[in-house]
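Colleague: Please take me through this model, with the criteria stated alongside each value.

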Amino acid sequence: VIPFSMGPVGSPLSKIGIEVTDSAYVVCSMRIMTRMGESVLKALDKRDFVKCLHSVGLPRSDSNVKVNASWPCDPERTIILHKPAKNEIVSYGSGYGGNSLLGKKCFALRIGSTIARDEGWLAEHMLILGVTNPQGKKRYIAAAFPSACGKTNLAMMQPTLPGYKVECVGDDIAWMRFDAQGKLRAINPENGFFGVAPGTSSATNPNAMATIFKNTLFTNVAKTSDGGVFWEGMEKEVSDNIEITDWHGKPWQRGSKTPAAHPNSRFCTPASQCPIIDPSWEDPQGVPIDAILFGGRRPEGVPLIYQARNWQHGVFIGATMRSEATAAAEHKGKVIMNDPFAMRP
């Protein structure tokens, strides 16, 4: 039984959930991704909460699906139900992060967006970062990209422009509302990063690499003979004499046509360990948002970057977003898909 808070415990922007699960992996991951434990129960008191029920399940006795005993699931009958009328989530048959860590996409985006609609705020699939210019002026930016399109890399960016500084508030989800003065403010309701591992390296995201090598859970990555982890993008960071075992548990050779790590393999790591975590990342009032970016994978057909003419045009741009399908979605091939506000499942 997992009592958890999305957002700092006691913040006026936070919401509480309670998840019942049969997975130790879920318990350990939720401990990283949310504020969890007795303090949440004290804050809950007699308030309402989102009810979350999860089971990894078990295949039917007559099923032909082979399931690894160390990773129980029921892929033939997997179902994830969202019940916004009752603020309930039911997930069966999958142990994968987005389907089992019910505080994440299921609560923070799906149920969260219906609660937000009813209460007059926004639950969005957006990173939040702070940018300080050489004159010391700091602005916060929210950015909506589909999964596996670079939110974590942008949120932890190391600027190459002299004198600029970037600090990370969150890499995936933003809860936003206008304060009493009419200023749009946002919190990161999560407590950790659940990032896509392949492509993350000291070259592409040194701040992520500095974050993930303690107190971190890795899912479906390869492992090395010296006790480390490996995925595509880390080739220059592992010595040639180190043996690699792929995510299936089989020996893997460099140059192999099959990837060592699953394309959607993940790291689950505490946000507080990020070397550029923003000083205000847990501010219960949130940070003031000055701009919103929309982006995705569009290799051709649209300008690399363009600016909305006004607020209405910006909403139109967000509503008509299209992006190339990735390993985080259930689609094969590089299909260009409509993805309004990057909220497509």
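Colleague: Which pLDDT is needed for local features?
Modeller: Residues are numbered from 1 along each chain as its sequence is written, and side-chain values use heavy atoms, with hydrogens and water left out. The model is predicted; totals for chains, interfaces and linings use all residues, side-chain atom pairs count only at pLDDT 80 or more, and local features need pLDDT of at least 70.

Colleague: Into which domains is the protein divided?
Modeller: The bounds come from an automatic or database domain assignment. The protein is divided into domain 1 (2-120), domain 2 (123-192 + 272-342) and domain 3 (194-268).

Colleague: What area is buried between domain 2 and domain 3?
Modeller: The centres of domain 2 and domain 3, taken over C-alpha atoms, are separated by 26 Å. Across the boundary, 13 residues of domain 2 are in contact (heavy atoms within 4.5 Å) with 16 residues of domain 3. Buried area is the accessible area (1.4 Å probe) that two parts lose on being put together, summed over both. Carbon and sulfur atoms give 50% of the area between domain 2 and domain 3, which is about 1,100 Å².

Colleague: How many disulfides does the structure hold?
Modeller: A disulfide requires a pair of cysteine sulfur atoms within 2.5 Å. The sulfur of Cys-274 is 5.1 Å from the closest cysteine sulfur, in Cys-168, and therefore too far for a bond. The number of disulfides in the structure is zero.

Colleague: Is Cys-274 buried or exposed?
Modeller: Buried means under 20% relative accessible area, exposed over 50%, and partly exposed in between (1.4 Å probe, protein chains only). The relative accessibility of Cys-274 is 3%, so this residue counts as buried.

Colleague: Which residue forms a salt bridge with Glu-282?
Modeller: A salt bridge is a side-chain nitrogen of Lys or Arg within 4 Å of a carboxyl oxygen of Asp or Glu. For Glu-282 the closest N and O atoms of the pair are 2.9 Å apart, and the partner is Arg-35. The pair joins distant parts of the chain, 247 residues apart: Glu-282 is in the loop between β19 (266-270) and β20 (287-294), and strand β3 (residues 35-36) holds Arg-35.

Colleague: How are helices and strands assigned here?
Modeller: They are DSSP runs numbered from the N terminus: helices are H or I, at least four residues, and strands are E, at least two. One example is strand β8 (residues 126-132), in which Thr-132 lies.

Colleague: Which residue forms a salt bridge with Lys-138?
Modeller: Side chains of opposite charge can pair when their charged atoms come close. Lys-138 is partly exposed, with a relative accessible area of 26%. In the salt bridge of Lys-138, the N to O distance is 2.7 Å and the partner is Asp-278.

Colleague: Is Asp-74 buried or exposed?
Modeller: The side chain of Asp-74 meets that of Arg-77 in a salt bridge (2.7 Å, N to O). Arg-77, at 35% relative accessibility, counts as partly exposed. Asp-74 has 1% relative accessibility and so counts as buried.

Colleague: How many salt bridges does the structure hold?
Modeller: Lys-104, Lys-105, Lys-151, Asp-172 and Glu-190 are linked in a network of salt bridges. Between domain 2 and domain 3 the count is zero. For the structure, the number of salt bridges is 20.
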